[in-house]
Amino acid sequence: MDALPPPASLTRDPPPRAVRTTCPYCGVGCGVLAAPDGRVAGDPDHPANGGRLCSKGTALGETLDLPGRLLHPQVCGRRASWDAALDEVAEGFRRAQAELGRDGVALYVSGQLLTEDYYAANKLAKGFLGTGNIDSNSRLCMASAVAAHKRAFGEDVVPGTYEDLESADLVVLVGSNLAWCHPVLFQRIAAARALRPSMRLVIVDPRRTPSAEGADLHLPIRPGSDVALFNALLAHLDDHGLTDRAYVGAHTQGLDAALAAARADAAGAAARTGLDPGALATFLRWFAETPRTVTLWSQGINQSETGTDGANAIINAHLLTGRIGKPGAGPFSVTGQPNAMGGREVGALGHVLAGHLDWSVPGEAELVRRHWNAPNLATGPGLKAVDLFRALGAGRIGALWVMATNPAVSLPEGETAREAIARAPFLVVSDIMERTDTAELAHVRLPALGWAEKSGTVTNSERVISRQRGFLPAPGEARPDWWIIAQVAARLGWGAEFAWSGPAAIFREHAALTGLGNEGSRAFDISGLAGMSDAEYEAMAPTRWPVPARGPAAPRFFAGGGFPAPGSRARFVPVSHKPREEGDGLLTLLTGRLRDQWHTMTRTGLVPRLMAHAPEPVLAVHPEDAGGLEDGSLARITGHGGASAVLRLRHDPGQRRGTAFAPMHWTAQASPAARVNGTVPPVVDPISAQPALKSARVALSAFTPAWHGFLIARRDLGPAIAEWAAVAVLGEGLWRHELAGVEAPGEAFARLAALVAAEGAEWARLEDPSAGLHRGALLRGDGRVEAVLFLDPHHRLPPRDWLAGLMREGGAAPVSALLAGRPSDGPPPSPTLCVCHGVSQECVRGAIRGGACSLAAVGEATGAGTGCGSCRPEIAALLAAAPVPA
Ligand SMILES: Nc1nc2c(c(=O)[nH]1)N[C@H]1C(S)=C(S)[C@@H](COP(=O)(O)OP(=O)(O)OC[C@H]3O[C@@H](n4cnc5c(=O)[nH]c(N)nc54)[C@H](O)[C@@H]3O)O[C@H]1N2
Ligand SMILES: Nc1nc2c(c(=O)[nH]1)N[C@H]1C(S)=C(S)[C@@H](COP(=O)(O)OP(=O)(O)OC[C@H]3O[C@@H](n4cnc5c(=O)[nH]c(N)nc54)[C@H](O)[C@@H]3O)O[C@H]1N2
Ligand code: SF4
Ligand SMILES: [Mo]
């Protein structure tokens, strides 16, 4: 399989009157040119993307006037003035602290806040409410990487840059589906490989992900055994004379203990990791022989009960070989959210202070106290996410403020967490949407500005600080998150300390803190930006930290040592493989992400183009693990405490035996029964407290309803219309409802048909009650189709796309064709593969059958893959699966 060539067209024409801003989705942090009319393009001058955008970035223009925005403050579900709502919040927090003490309140915030918002929230909690109880959804995401960096380097520092991924000769992706989750980085790697085919790509992931298409080696590792793999590597490197004695001697400590631990795992590594010994040997050899190696990791490592050890095992191999901070070499933790890094910088995690300052370092708390003029600086770390919501459930938190995250969906032990949130004595939610699973439970809802409206900064995975700039007016009464926080602080009596004129003032205060008492002892130093004027802040170009007020700034860290740790030395951390339970007949549930959805779908789930890629919640299992359940049937997974979820089953030979994969995305808004987090136990990494979101053990069983069905209608009927439902927006006023139920099919048909009844329209039906088959099309006098409803005892129903297409166009068709679900002439259309150009899977297959044998040829023939490029791994998979021409 050849490497993926770069997309044909990187940018469209920049929209006129465009503002330079940054994509609000993943931690790649792509620069975006965005115009008020909704046109967006990649910013050709931004160092992260050089003009590229992925499918989510390309569709940003379609998220500007989302239906369902929260436009006014609400108290107990009723519209309230800002004054009344803010008073209510201040009073709720005051009351809770009076009853339960300082730590009787908490903030739960998000890597999707801007740095300025984040800084304000942290200052309010730690400095003024006087509690360490502020944690972030980054606990579910980056905590293990942060802890590993601290253990190894002394500080949470990502040493490398994206350019290293291009100049490397070997890139190893560990527990990262980069092609879908950081698509522009994946495209940069693909483009580099196309120019330099000797560059190798290795994927370490239990499932054959789209990132593995076209890779040189895929290691389908046993879940949770990455420590054993990298321990085997450490021993192999030392045995083969690859220890960089000079680097190790001058800049590190602790090698002997780490090596001893590694050697204990090395023999038998193939058995521990479940890898083919030949493939394992190839990996060890390639790593050994390639000085320019980058090892990039993500949630397959972090979201594990051994996540911190896993990350340190990777870092150990790089320290041993001195391959760190050099062009093309280094360990690289990529961040998930657009501002996960910014949150770490301002310290909005329960266990750190602000500006990478720490309670455990004498004098540092005092620096923060003075900088903030804080009356009640928290005296120590607070509760971390999982414990925080447990404390809420136990009645120890009297007031909780959730900002820019949806914990009712995204926490482990999902059912228990949701109950705790529902029973919270006082819950405040700041969000851009009115109805999220969490906002539905709030006493006070506060409307925040969204991406297109707000202004501030974010820091991406390579330490580049970029501006987000608003280009649309505030919708309704929505306000910036930092403003809301400052208003509450003022009502609690701290107006002077929160009297910022705007985000620039907050940024200056934050930047100044990073320089206090910092004569090079802390790597994170942006004190050189503390003197920026408002105009300079407004014009700020993407800037990589550090930017110290004095002295030079390094683009990369640690090539020459200089670790922010005792003796300036990095630490090898001895780590040992801890086998997980197996062999109980259960599957390991690897939850994760889909290409075109963002987390709990509050934005991407409303964009028809993005819903088209995966309109239903799907559970992938190896065919031999399916226990006889058919591909396309509904399956139940049962896990933690008996909690279960029901999803569409997909046989996937690329899934490692003994594992299953399910998306984390589905919520009560679209498919309540397909929320998977109930099945995930609250197990956390003992060092980082990051939950092991990828190691639930689940039993697979059939979900056997009386009928399966679908309803395409001209409105969203919600998912409560059947025992199992998944609703997807199709665009142009159409919604698709995938359904299954337990009542008699005839009754279900009558009930559902009545829901969509429209005046002047009549049902044409095809019914065979003895067979349980009921089909109907609701037709206008002019033949226009108002709705279609198909019920069948079996899950094999006609494809929906032709019917949806017909309804979208307002066209007519013979009743016989409508009720057959396919045109009278020719085959029904197949699912969309390329979202940018609307090219179907079948069209791509046709081009391949017609002789297109490369991505470029498929692109030439159909246009597929020539837009954002996000579908290129899937085209590559179709190419790879095609029979080789004789
Ligand atoms: N499209 C899209 N992109 C996103 C997001 C999104 O919601 N949608 N979210 C963003 C965020 S916040 C994050 S954190 C990132 C996450 O980005 P990734 O970490 O790349 O995404 P995931 O799908 O969560 O998990 C990655 C892989 O880990 C593998 N895995 C599971 N267990 C193990 C194991 O024990 N060992 C190894 N080696 N691998 C394992 C899974 O099979 C999965 O393919 O994505 C960001 N980008
Ligand atoms: N099973 C399983 N669970 C997981 C994961 C997994 O891999 N598997 N991954 C975990 C990870 S890595 C992450 S990062 C989390 C993500 O999970 P969450 O953070 O819970 O999910 P999001 O949907 O990103 O929630 C963001 C919320 O902020 C709102 N919002 C958007 N912009 C703004 C704004 O400017 N201001 C305000 N106030 N609100 C805004 C959105 O409408 C949305 O409600 O999920 C975690 N949970
Ligand atoms: S890769 Fe896609 S989602 Fe991530 S920042 Fe770039 S455009 Fe946004
Ligand atoms: Mo994340």
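Which residues are around ligand 3?

## The shell around ligand 3

In this predicted model, where local features need pLDDT of at least 70, side-chain atom pairs count only at pLDDT 80 or more and totals for chains, interfaces and linings use all residues, side-chain values use heavy atoms, with hydrogens and water left out. Residues are numbered from 1 along each chain as its sequence is written, while chains are lettered from A and ligands numbered from 1 in the order in which they are written.

The residues around ligand 3 are Cys23, Tyr25, Cys26, Gly29, Cys30, Leu53, Cys54, Lys56, Gly57, Pro183 and Val184, a residue being near a molecule if one of its heavy atoms lies within 4 Å of it. They divide into 8 nonpolar, 2 polar and 1 charged, where Ala, Val, Leu, Ile, Met, Phe, Trp, Tyr, Cys and Pro count as nonpolar, Asp, Glu, Lys and Arg as charged, and the others, Gly among them, as polar.

## The residues around ligand 2

Of the 31 residues around ligand 2, those that come nearest are Ser410, Asp431, Lys454, Thr600 and Asn677. The shell around ligand 2 divides into 10 nonpolar, 15 polar and 6 charged residues, and at least three residues come from each of domain 2 (74–141 + 341–541) and domain 4 (587–702), with domain bounds taken from an automatic or database domain assignment.

## Atom pairs at ligand 2

A nitrogen atom of ligand 2 lies 2.6 Å from an N or O atom in the side chain of Asn677, and a nitrogen atom of ligand 2 is 3.0 Å from an N or O atom in the side chain of Gln303. For Leu449, a backbone N or O atom is 3.1 Å from an oxygen atom of ligand 2.

Terms used:
A polar contact is a pair of N or O atoms within 3.5 Å; within protein, one must be able to donate a hydrogen and the other to accept it, and residues adjacent in sequence count only if both atoms are side-chain atoms.
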